[in-house]
Amino acid sequence: MVSEELRSGFLMEQGRRGLLIATVAVLGSSVGVIIFGSPLFRVLGFEYSSLSAILLSLVVGLLVSRRTRDEPEATRSLRVLIPEILFLFVLPIGASLISAILISNCALWDGVVFYLEVALPATIIASTFGAACGMLAGKKRSATLLYITIWFGTLVLSFLPGYINPQIFTYGWQYGFFPGFVWDDALTLTAGYAIFQIMALAVAIAFLQLARLRKRPLRRTASLVLLIVSLVVVIAIGFLSDDLRIESSHARVDNFLRGKIAVNSQTTVRFLPGDFTQDQQRLIKGNVLWYLHTIRQQLGLKDTTRELTIYIYPNSDSRYEYIGTRTASIAKPWLGELHLTKGSLRTLKHELTHLLMAEVGSFPFSVSWATGLTEGVAMSIELPYDGLRSIGQQAARVIQTRPHSGVQEIMSFSGFASNASFTSYTIAGSFSRYLLDTYGAPSYLKVYQSLDFESTYRRSLAHLEQAWLTSIKP
């Protein structure tokens, strides 16, 4: 009797310690984002909700997995843990609502809705996976390792549709919705998002029922029914993922853009039938052929037999429906395809440059790891932005009128995004044009891969920047 009381007290003490650690992790991270985060992430909105969902999915899942044991205790343990789970769930939104007293948020109610839509499913699914891991593993360390494996494994798998399909958006139970590395003014969570979360919860429930059957095979009727229902839901949604707008495959896009222009044996343009006259189609074909020739000639790229596909959508709304962006032309060099609208054909040469530079790009996206070089080379041979000024003249005006952090930061992985978009693109393009004109294409292709300016040009990046500034001063 005494030993049982001691064991119960020990487990209770461990539970309090685990909750304290989880509280510090969730609350500390939330406050840190609010104090030190960018304006986009520090206020209650979609971005803050996604960060909170990632944090809660990890912390709550680990807490539940370490506090859940074999099947008879599993349901009871999870039920007992509900107040603690709810407590952790309200910490991020509570901290953000308090901060709203000092930090203005013009869309506070929208932020509350986003938090419920994104962070709540992540917390529920994490609790379910955590309970299954605790039942299967038995020991805390094993349960922790199993949950972390599932968490990271499903996270990586969630990004695969955005990598292998035309779409740039993905869904994941840990973060909710990832719209891709583009910015659209209006962001909404569609029915496809809700259906994906149902599928993710069904996977977690199926995993929990498998754990229950393994631990208590004699108590199998209810678990078998739940397992079968969950698997049916998962299989049905997975089979219909294209129709349900969870994924957007090449077959779906090709079925929409059925018109075809055979530019050459390797390059195809797809469009909505009726969007272009025969004369316009001939003009597009001629432009693509000329751009491919001039880009390869200027950059010293080979005329490979790699297949390229150019998708031209009738408008921004249709492009948003099929790949997930209204504002940006998208190139996927690793797939050899780009996505434009009729109204953004002026960016065709820019985007084709990305596709052809895949020849010297790095895994896994076939581009340079320096965004400044990736976008800089495309800007350097793009048509003049306004039809009048060269990229060097534009850069000179930017330096005179806009704050910027300099070439050295813009050429880094994160520095490009930390400046205003127009500033980063213009400076990177002008600097790349200077390197190509002064040192030739072979050296640029080399630094595009290695990112080692000093080894390639025998000069430091700071020295190259000063020489470039001198060249554009007039």
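**Exercise 1. In which helix is the place of T23? Find also whether T23 is buried or exposed.**

The model is predicted: local features need pLDDT of at least 70, side-chain atom pairs count only at pLDDT 80 or more, and totals for chains, interfaces and linings use all residues. Residues are numbered from 1 along each chain as its sequence is written, and side-chain values use heavy atoms, with hydrogens and water left out.

Step 1. T23 is placed in helix α1; helices (H or I, at least four residues) and strands (E, at least two) are DSSP runs numbered from the N terminus.

Step 2. Buried means under 20% relative accessible area, exposed over 50%, and partly exposed in between, with a 1.4 Å probe and protein chains only. T23 has 14% relative accessibility, so it counts as buried.

Step 3. Contact means heavy atoms within 4.5 Å. Leaving aside neighbours within four places in sequence, T23 is in contact with G28, F87, L88 and L91.

**Exercise 2. Describe the largest nonpolar core.**

Step 1. Such a core is a set of buried Ala, Val, Leu, Ile, Met, Phe, Trp, Tyr and Cys residues joined through side-chain atoms within 4.5 Å.

Step 2. The largest one has 56 residues, and L56, L88, F129 and W173 have the most contacts inside it.

Step 3. Two or more residues each come from α1 (2-36), α3 (46-67), α4 (71-99), α5 (108-137), α6 (140-164) and α7 (191-215). The most come from α5, with 13 residues.

Step 4. Take F129: apart from its neighbours within four places in sequence, it is in contact with Y147, I150, W173, V203, A204 and F207. Another core, of 52 residues, lies apart from the largest one and includes M411, F416, F431 and L435.

**Exercise 3. How many disulfides does the structure hold? Compare C106 with C133.**

Step 1. A disulfide is a pair of cysteine sulfur atoms within 2.5 Å. The structure holds 0 disulfides.

Step 2. C106 counts as exposed, at 84% relative accessibility, whereas C133 is buried, with a relative accessible area of 0%.
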